[in-house]
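Please keep the structure open and check each point against it as you read.

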Amino acid sequence: MARSIRVLYRGVQGRVRRNFNWPPINKNSAIVITAAEWAFSGGIFGPTAGRPHLGEANVYVTNIGPHDPEGGDGGVEFHLHVDSPSPLDVIVTISVLEDVENFVTT
């Protein structure tokens, strides 16, 4: 069964390395990560009130590497790219699928 979580990163610009630890992830997990600008809607609910926004900046993720627990929960490392002249708030959705079934070398 797939599971997903959203993580808000504030003030991101350029290429930054991120790590997110979450118990459902291990080194054999199949992971899908999406990213978009975050449009804060304001109000009393704080910065998490809003929605993904298709702005002018290119926002994307590369080099996704799940890992086993290393002194805590398992997790995933990745590079988050924000091609913008100024820092942006970015929402990342991390989806964990079932473990990879096989490893093949060609």
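**Notes on an all-strand model**

1. **One pair to begin with.** Start at Ile31. Its bridge partner in E7 is Val96. Please find these two residues before reading on. Keep in mind that the model is predicted.

2. **The strands behind that pair.** Strand E3 covers residues 29–40, and strand E7 covers residues 88–99. The two run antiparallel and are joined by eight bridges. Another bridge partner pair to locate is Glu37 with Val90 in E7.

3. **The other neighbour of E7.** Val96 comes up again here. It is the bridge partner of Arg3. E1 and E7 also pair in the antiparallel sense, over eight bridges.

4. **The whole sheet.** What is the strand order? It is E1-E7-E3-E4, an open sheet of four strands with antiparallel pairing. Strand E1 (3–12) and strand E4 (50–53) are the edge strands, and each pairs on one side only. From one strand to the next, the twist averages 40°.

5. **The E4 side.** Four bridges hold the pairing of E3 with E4, again in the antiparallel sense. Look for Phe40 there. It stands opposite Gly50 in E4.

6. **The fold as a list.** How many helices and strands are there? The protein has zero helices and seven strands. Read along the sequence, the pattern is β-β-β-β-β-β-β. The C-alpha trace spans about 45 × 30 × 25 Å along its principal axes.

7. The structure holds two salt bridges. One of them joins the side chains of Asp89 and Arg10, at 3.0 Å from N to O. Asp89 sits in strand E7 and Arg10 in strand E1, so this pair ties together parts that are 79 residues apart in sequence.

8. Arg17 belongs to strand E2 (residues 14–21) and Glu77 to strand E6 (residues 75–83). They are 60 residues apart, and the pair links distant parts of the chain.

9. **How open are Arg17 and Glu77?** Arg17 has 56% relative accessibility, so it counts as exposed. The cut-off for exposed is over 50%. Glu77 has 30% relative accessibility, so it counts as partly exposed.

10. **The core.** Which residues have the most contacts inside the largest nonpolar core? They are Tyr9, Ile33, Phe78, Leu80, Val92 and Ile94, in a core of 20 residues. E1, E3, strand E5 (58–67), E6 and E7 each give two or more residues to this core. E7 supplies the largest share, with five residues.

11. **A closer look at Ile33.** Which residues does Ile33 touch, leaving out those up to four places away in sequence? The list is Val61, Ile64, Val76, Phe78, Val92, Thr93 and Ile94.

12. **Contacts along the chain.** Residues 24 or more positions apart account for 67% of them.

13. Of the 106 residues in the protein, 33% are buried. The protein exposes about 6,800 Å². Carbon and sulfur atoms supply 51% of that area.

14. **The end of the chain.** Is Val104 buried or exposed? Its relative accessible area is 61%, so Val104 is exposed. Its place is in the segment after E7. From Val104 to Glu77 the separation is 27 residues in sequence and 22 Å in space, C-alpha to C-alpha.

Notes
Residues are numbered from 1 along each chain as its sequence is written. This is a predicted model: local features need pLDDT of at least 70, side-chain atom pairs count only at pLDDT 80 or more; totals for chains, interfaces and linings use all residues. Side-chain values use heavy atoms; hydrogens and water are left out. Two strands pair if DSSP finds at least two bridges between them. Axes are lines fitted to C-alpha atoms, for helices over the stretch in contact, and angles run from 0 to 180 degrees between N-to-C directions. A salt bridge is a side-chain nitrogen of Lys or Arg within 4 Å of a carboxyl oxygen of Asp or Glu. Buried means under 20% relative accessible area, exposed over 50%, partly exposed in between (1.4 Å probe, protein chains only). Contact means heavy atoms within 4.5 Å. Accessible areas come from the Shrake-Rupley method with a 1.4 Å probe; for residues, only the protein chains shown count as cover. A nonpolar core is a set of buried Ala, Val, Leu, Ile, Met, Phe, Trp, Tyr and Cys residues joined through side-chain atoms within 4.5 Å.
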